[in-house]
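Let's take a walk through this structure together. Keep the sequence and the 3D view open as you read.

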Amino acid sequence: RNNWFSRWSWRASRVMAAVAWDRPVRHASGIHDLSVSGDVAQADLDGAVNQQEVRVFSPAGALVRHVGFAAPTAIRASNVSGGFAARDAWTVSPRLQFDLGVRYDASRLAANAPSARVGVRYTLDESGRTALKGGVGTFVGVVPLLAAAAAGYPARIDSSFDEVSGTLLRQQELRPAGADLRLPRARAAVVSLEREIQPGLDAQVAVTARASSLLPVLVMPDGNGDLRIRSEGTASYRELQLSVRRVLAHDQMVFLSYIRSSARNDLNEVTAQTFDAPLLERGGLARNANDAPNRVLAWGTLNLPWRMAVSPALEWHTGFPYSDRHMRYTYAGTPNGRRYPAFTSLDLVAYKTVTVREYTADLGVQLFNATGHWNPRDVYPVLGAPAYGQFANSVGRILRGYMLLKW
């Protein structure tokens, strides 16, 4: 399988202007911080794509799949987008606040879309040590220019061969075509409970849920035909977060959190260069490539004598998903149904503050993966291959200098 089959030469530009108006208003119902804003942006993409042929071999060395591409092509896309928003940060009383907002988004590439959201903060006790926060709303995303430039990519012919005889088993001609786009949408809700256990020590419990729709996805035909991008993808995210923070004197802090989450999305969502993938497959809903159900993060900043400080950070999370593959590099079983080993990394920053005349700087070192834990980033996923299931490409310890100038 070729690693560098696609060569790009492109130019992208973006110009944006925004304006906002704010005014606090006192009323019998409370204090209203009113704001109105608007923005407009012009984005352009202009380039060329030259894709080289891709060959896939069986474990025995026989050619079992070949993808050929048409001549290099030019890709172009442009968009003018903007929106208007109004917000009211409403303080009903010292214990109760609301945050209300509406927005209207417009784009030359897709139909316009309204959105609205509301947030609330309520202090449960007179002391203000316990607060309940919540929010719900709809949100509108942007259309990637790469999706709008879909028709400019070279056509491809994907051929599969018998491993023993070399007979052509299947051939599919795929022609990138225009996109049918709409502005992506999301519905989100979050609820959190915060409690100051004692001065300098607080804890939080937060629950988040988000459902996305109208995401641009690559839709493949069953046989020969057009490759189109359509706004019919979905995604979901759920999260429970537990965190504790200890604030100490002289800007010292210790933080600990645990997150339980679930993330799913369409395999062919156009969040990256979908047409730039060497091998294309039919999509569907599956685990997100960054889905890690369990994650623990601990970090802190502690002072040492002689104006020295140390800031360690420990991260552990469930391994990211990957897919088993047949020898022709098609999905074997459930996509993203396997996982890498759990990730563990201890990073450390140690520095000393020095002052020369009136200038101050922090000088020190950064040490990444201090324990040298095995955190592979690649895997041999092909069923039947001699190295099937073996992991590789872990990054060991990395030591770098650290400097922060202050003035």
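This is a predicted model: local features need pLDDT of at least 70, side-chain atom pairs count only at pLDDT 80 or more; totals for chains, interfaces and linings use all residues.

Residues are numbered from 1 along each chain as its sequence is written, and side-chain values use heavy atoms, with hydrogens and water left out.

Which strands pair with β13? Two strands count as paired if DSSP finds at least two bridges between them. β12 and β13 run antiparallel, with 17 bridges, and they make a hairpin that has 5 residues between its strands. β14 (residues 252–266) is antiparallel to β13 too, over 14 bridges, and here Leu-242 stands opposite Tyr-258 of β14. The β13 and β14 hairpin has 3 residues between the strands, and His-250 takes a positive phi near 60° in it. Strand β10 (residues 168–180) pairs with β13 in the parallel sense, over 5 bridges; in that pairing, Leu-174 has Gly-225 of β13 as its bridge partner.

## A nonpolar patch on the surface

Tyr-122, Leu-124, Leu-132, Val-191, Leu-193, Val-205, Val-207, Leu-240 and Leu-242 form a nonpolar patch with about 690 Å² of accessible area together. The elements giving it two or more residues are β11 (185–198), β12 (201–219) and β13 (225–248). A patch is built from residues with over 30% relative accessible area and no salt bridge; nonpolar side chains (Val, Leu, Ile, Met, Phe, Trp, Tyr) are joined within 5 Å, and like charges within 9 Å. The areas come from the Shrake-Rupley method with a 1.4 Å probe, and for residues only the protein chains shown count as cover.

Take Val-205 as one of the members: Val-205 sits in strand β12. Is Val-205 buried or exposed, or something in between? With 38% relative accessibility, Val-205 counts as partly exposed. The scale goes like this: buried is under 20% relative accessible area, exposed is over 50%, and partly exposed lies in between (1.4 Å probe, protein chains only).

## Salt bridges

On to the charged side chains. Side chains of opposite charge can pair when their charged atoms come close. A salt bridge here means a side-chain nitrogen of Lys or Arg within 4 Å of a carboxyl oxygen of Asp or Glu, and by this rule the count comes to 18 salt bridges. One of them joins Arg-76 and Asp-46 at 3.5 Å, N to O. This pair links distant parts of the chain, with Arg-76 in strand β5 (residues 73–93) and Asp-46 in strand β2 (residues 30–51), 30 residues apart. Arg-76 is exposed at 59% relative accessibility, while Asp-46 is partly exposed at 29%.

Arg-55 and Glu-53 also meet in a salt bridge, at 2.7 Å, N to O. Both fall into the partly exposed class: Arg-55 at 36% relative accessibility and Glu-53 at 31%. Then there's the bridge between Arg-103 and Asp-105, at 3.0 Å, N to O. Salt bridges that share partners join Asp-39, Arg-103 and Asp-105 into one network. Asp-105 counts as buried, at 12% relative accessibility.

## Aromatic pairs

Now for the rings. Rings of Phe, Tyr and Trp (its six-membered ring) pair if their centres lie within 6.5 Å; planes under 30 degrees apart count as stacked, over 60 as edge-to-face and the rest as tilted. By this rule there are 6 aromatic pairs. Tyr-351 and Tyr-402 make a tilted one, 5.7 Å centre to centre with 40° between the planes. The pair links distant parts of the chain: Tyr-351 is in strand β20 (residues 343–356) and Tyr-402 in strand β24 (residues 398–406), 51 residues apart.

Tyr-351 is buried, with a relative accessible area of 18%, whereas Tyr-402 is partly exposed at 23%. Elsewhere, ring pairs link Tyr-322, Tyr-340 and Phe-391 into a cluster.

Notes
Helices (H or I, at least four residues) and strands (E, at least two) are DSSP runs, numbered from the N terminus.
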